[in-house]
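Trainee: I would like to walk through this structure step by step. Can we begin with the ligand and then move to the fold?

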Amino acid sequence: MATSSAAAPVAPSGQPAGHEALVRDLEQALGAASVLHAPEDLIAFEYDATIERALPEVAVFPESTEQVAAAVRIAEAHQRPVVPRGSGSGLSGGAVPVAGGVLVVMTKMDRIIEVDPVNRVAVVQPGVVNLGLQEALAPHGLLFAPDPSSQRVCTIGGNVANNSGGPHTLAHGSTVNHILGLEVVLPGGRVTRLGGRLVDVPGIDLRGLLVGSEGTLGIVTEITVRLVRVAPAVRTLVAVFDSVEAASEAVSAIIRRGLIPVALEMLDREIIRLVEPRIHAGYPLDAGAVLLIEVEGLAESVEADAATVEDACVLAGATEVRVARTAAERERLWEARKVGIGAIGAASPAFYLLDGVVPRTRLPAVMRDVLETSARFGFRVANIFHAGDGNLHPNLMFDPEEPGATARVLECAEAIMRLCVDAGGAVTGEHGIGFEKRSYMEWIFSPADLAAMHAVRVAFGGAERFNPCKVLPGGHGCSPGHGAEALAVMRRGADSV
Ligand SMILES: Cc1cc2nc3c(=O)[nH]c(=O)nc-3n(C[C@H](O)[C@H](O)[C@H](O)COP(=O)(O)OP(=O)(O)OC[C@H]3O[C@@H](n4cnc5c(N)ncnc54)[C@H](O)[C@@H]3O)c2cc1C
């Protein structure tokens, strides 16, 4: 377990002082079956989808808002950190309990409470899995627009905390645009409701503040979401290019036509060669990159929009543009997109998934530099990303057993993040800052900006113990982890040799 100034002193047993009393109080409030404390049981909860690792002292699995509030109160009475967790699919270490403490796992609160098709609203518990909600909405001809590629596992609570994006947020906007109301357990265990069922709310928009706060301001226990209608008609196109750069040029060319496709995704050659043999979606193995583009609307308009997209792609250098003719063909194209990251995992002992964002028009130059930088550091890189949003997700493949490889991958990742910032972008497009990137915050925010964010945490009452060591730089005693934090520690070590 990591140690922290936020955590209790360690007893001779190896557990923090007061461990038994903490477990006893949690078991009394939630029931023994909802509390895990044996290290062997906690191993499954020491990580998310990054390479960060840290064991919680205790994991609890509340089934109601009252139980969440009780767990928060008990953790605070015992001076333990509180870390909310959904499915643990996060890609910035946000749910990793780097300072130990009580991990509050929300997956048992997984009820869809209400679907109101007329007002286009649904009320859900935070542990509902994104795809589960979409499946429940389908018979009503409705959807919850944020659709992260991890939607088979990630929770709506995690989507809210990270303000997640997805292929279809290009046209519809990210999660914050689809959240109407929240019930939240604040630090100290107070329960509050923010927003409601209406799009606009009077007063200070605390609902907007909570979305994207990465579990640092409270634990979301109920969510009212805005629903959108499934479009009557959709066309899915695949445009094939010789290079990533050419495909990147086409992204701006399409949008310059005055058309916002509902999705505009890029898969490069590495990804195509990993997924095509498994999914047989029809992506050409010799392509430098493809764009997977979707337009939707009324039947009469989608044909014209698809023709506009095709024209823009051909003019930008596409060697082929294909329209999916059947629902099954469309599904396979998307299936290949959604299994892309998993396929990298199967092909390499480890990979480091980066998340940056740049103005769309800078994508061609930045992608060229990303490829050059990865090659300079000696890494195979696979790119699969929401290109329309200017997001980029280079995946650096490496073998952590190779001496020096982890340090080199971190150096390379930092260089790529710098490229994004220098191009007028930022160090995350959708995965959040979490633990991994908090030291990069100083690249894009002034000390005054960061102080304002810290003041918000203080005002909510959770600055010290609510998901400590996340989002904002600083925080004494947090374990260094593997991200930018670890790189800083390695450099300090190298400097002192
Ligand atoms: C293969 C793959 C593809 C992905 N694709 C995308 C993508 O397309 N777009 C995208 O944006 N992300 C993507 N992600 C990242 C990730 O899935 C999202 O960030 C997702 O929203 C996290 O949900 P989760 O339930 O797994 O949350 P976790 O990882 O468990 O937690 C994430 C953060 O949310 C906080 N949190 C969780 N639940 C609550 C709650 N109830 N209240 C308060 N805070 C809470 C945690 O403390 C943590 O800071 C992908 C990940 C993988 C592995």
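**Ligand shell and fold**

Mentor: Strand S3 (82-85), helix H5 (156-162) and S10 each supply at least two residues of the shell around the ligand. Helices (H or I, at least four residues) and strands (E, at least two) are DSSP runs, numbered from the N terminus. This is a predicted model: local features need pLDDT of at least 70, side-chain atom pairs count only at pLDDT 80 or more, and totals for chains, interfaces and linings use all residues. Residues are numbered from 1 along each chain as its sequence is written.

Trainee: How many residues surround the ligand?

Mentor: A residue is near a molecule if its C-beta atom, placed from the backbone, lies within 6 Å of it. The closest are Gly86, Gly90, Gly94, Gly158 and Gly215. The number surrounding the ligand is 37.

Trainee: How many residues of the shell around the ligand are charged?

Mentor: Ala, Val, Leu, Ile, Met, Phe, Trp, Tyr, Cys and Pro count as nonpolar, Asp, Glu, Lys and Arg as charged, and the others, Gly among them, as polar. The shell has 13 nonpolar and 20 polar residues. The charged ones number four.

Trainee: Which residue in S10 is the bridge partner of leucine 182?

Mentor: S8 has two partners to look at. Five bridges join S8 (residues 179-185) to S9, and S8 pairs with S10 over six bridges, in the antiparallel sense. For leucine 182, the partner in S10 is isoleucine 223.

Trainee: How many of the seven residues of S8 are buried?

Mentor: A residue is buried if 20 or more other C-beta atoms lie within 10 Å of its own, exposed if 12 or fewer, and partly exposed in between; C-beta atoms are placed from the backbone. S8 is mostly covered. Its buried residues number six.

Trainee: Which glycine in the turn between S8 and S9 has a positive phi?

Mentor: S8 and S9 form a hairpin, with five residues between them. The phi in question is about 95°. The residue is glycine 188.

Trainee: Asparagine 467: is it buried or exposed?

Mentor: Asparagine 467 sits in the loop between helix H16 (447-460) and helix H17 (484-496). Its phi is near 45°, a positive value in a residue other than glycine. Around asparagine 467, 32 other C-beta atoms lie within 10 Å, so it is buried.

Trainee: Where is cysteine 469?

Mentor: Cysteine 469 is not a glycine, yet has a positive phi of about 70°. It is buried, with 29 other C-beta atoms within 10 Å. Its place is the loop between H16 and H17.

Trainee: What is the radius of gyration of the protein chain?

Mentor: The chain comes to 17 helices and 20 strands. The radius is taken over C-alpha atoms, and the globule rule is 2.2 Å times the number of residues to the power 0.38. For 497 residues the rule gives 23 Å, and the chain is close to that, so it is as compact as a globular protein of that length. Its radius of gyration is 23 Å.

Definitions and conventions. Two strands pair if DSSP finds at least two bridges between them.
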